[in-house]
Each structure stands twice: as structure tokens, then as C-alpha cells.
Amino acid sequence: MNNLLRLIGNRLLWLPVMIIGVTILVFFIMALSPIDQAYSVLGENATEAQAQAYREEHGLNDPVIVQYGRFMAGLVTGDLGSYGANSASVAQRVAEALPVTLQLTFLGLIIAVFFAVILGVISALYRDKWPDQVIRIFSIACIATPSFWLAVLLILLFSSTLHMLPASGKLPDFFVDPQGWLARMALPAFSLAVPVTGQLTRVVRTSMVEELDKDYVRTALGAGIPKGVVVARNVLRNALITPVTVLGLRIGYLIGGAVIIEVIFNLPGMGMAILSGIQSNYVMLVQGVVLCVAVAFIVINIIVDMLYILIDPRIRTV
């Protein structure tokens, strides 16, 4: 508990620093964009006088440092700016899109962890035997499979050919229609989870093998304790430490992959928001979405670090 509290305090102290670093990186990269926000909002047919008036109204003629200070002041109050001719709120768009991306990310994460633990444990228990060889080939194939390519294959099979699962359409609310939500999310979540499943399977297998070779396992088995009890109560718990650490890094991949998968399956998440911002040259929208994705990645990794401390075993003997 002391380690957990120390970790929480340390992460909370560094969280504002990391967020400020992300804002600096995102803001100044977008400031280097050759896109003129005035013409992207007013249209190419706008006159120079109209564009100049827009720049003056929105402070685009101010120095970049001044613009960044104004951006940070708005960020503190939850204002990420506006975009489009109607001055739509970036914060509102993010609030609508971010939950969809997080839902897809965590569903893909659940699928990946579920299959990776099962396959990794089986592979370790049957080390160098035919189940281990089959799972090894399967995991390598999963790692080598790009999510976007698998997504296209799944659409062709389950949506176009078998007509079992939808590949597009409205996303139902989970609490209103959980079955419809799961059907709509199944294909994108599975295509997102497959590469991570292969990676985690190898990590779980390696970690399990290392634990099974330790002295406390041989002592427990020699004392007559059933192997299933030893594996379930001790070996698996100790072996999950390394996969949880790796999982924190894989969450970043899942979030980034979700942005691409959303575009393929037409999900109204952060990926579609970024795409619409790029296509329409809405710099503020792209900036706000990228910033929120980066902050979400930082926060989720802090949560994973806390989970790592919680499962850290203090006693490695039976």
C-alpha cells in the first residue's frame, strides 16, 4: 500500500509536466502547418480582407507564444477552441468521440488479454510439445497481421459474405442495446486485438516458463500439492507481472490502432474526428483531438502502473 501511494503521488506530480510537454509539442507542430486557418474556415472564395478580419478576430496574427498562452488559458477551463464556419466546439466534438475510442480500445484489450493468457499458459504447460508449437506459429501469424488488413478481410467475410455482423451504421448505446453494441463493435475490436494477442501470448508464455522452473514450484509439487493449484495460486500470479508491464505499452498501440480502425468501420470516434479535421483543414480540431489522445494515453499508463503495484507478489512461496 505504501508503494502504491508513493506511485500515485509521484505520477500525479509528473502528470501536469507531461501534459504541458504534450501541449507544447502538439501546438508548435500545428503552428508550423502551412494551412491558413482563415481560408480553411471561410473557404477558398473568401477575400483577403475577410481572411484578415478573421485572423484579427481570432488572434492568429499574434506571436506563437501569445497564441500558446491563450490556448493554455482556454485549456485550463476546458476550452479547446472552435472549428468550422459555425464555430463548433472542439471540446464538444472530443466529448462525443473519445468515449467511442475508449470503448473500442478496452474491448480490444479484453479480447487480447483473455486469449493471450489462455494460450500463453497452455503453451508454457506443454513446453516444446505440439500444443506449444501450434500456439507459437499462431502467435507469430497474429503479430505479422496488420490490423487494417485483417479488418478488410473480416468485413468481406462476416459482413459482405455471411451477413452476420455489421461493418458500418449507427453505434447503439451499450446500456440501451448491449447486443447491438457488441455486434457493431465485434469486428473492429477483434481486428484491433489480434496483433496484441500474439505479442502478449509470447510474453505470457516466456514468463510462465521462467516461473515454472523456479525452486518453489518444484518444492510445492514435491510436497504433493496438485500442479493445478500451484499454477493457479502462485505461478500465474507471479508470471503476470511482466505481461502487465508490457500491457501498458501495448495500450498506446491499441489507442493509435483504434484511430485507424474507426475510419475503416466508420465509427464516430477520435479517428473520424481527426480525418474530418484533416480533410477540412480544421487545425484546431486536429490539435484538440491529438492532444486528448496523448493525455488519455498518459493517464491510462498511470492506471496500469498502479495495477502493477497491486499485483506485485510479496510472498513467492507456497
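Predicted model: local features only at pLDDT ≥ 70, side-chain atom pairs only at ≥ 80, totals over all residues.

Leu12 sits in helix H1, which covers residues 2-31. Its C-alpha atom is separated by 24 Å from that of Pro243, a residue 231 places away along the chain.

Next, Thr105. This residue belongs to helix H5, residues 90-125. Setting aside residues up to four places away in sequence, Thr105 touches Leu192, Leu254, Ile255 and Ala258.

Now the nonpolar cores. The largest has 59 residues, and the members that touch the most others are Val94, Leu104, Met185, Phe265, Leu267, Met270 and Val289. Which elements give two or more residues to this core? They are H1, H4 (64-76), H5, H7 (147-161), H8 (178-212), H11 (241-265), H12 (270-279) and H13 (283-310), each of them a helix. H13 gives the most, with 11 residues.

Take Met185 from that list of core members. Leaving out neighbours within four places in sequence, Met185 is in contact with Val100, Gln103, Leu104, Leu107, Leu171 and Leu267. Of these contacts, Leu104 and Leu267 are also on the list of members touching the most others.

Apart from this core lies another, of 13 residues, including Val209, Leu212, Val217 and Val231.

Terms used
Residues numbered from 1 in each chain as written. Heavy atoms only, no water. Helix = DSSP H or I, 4+ residues; strand = E, 2+ residues; numbered from the N terminus. Contact = heavy atoms within 4.5 Å. Core = buried A, V, L, I, M, F, W, Y, C linked by side-chain atoms within 4.5 Å. Buried < 20%, exposed > 50% of the residue type's maximum accessible area, 1.4 Å probe, protein only.
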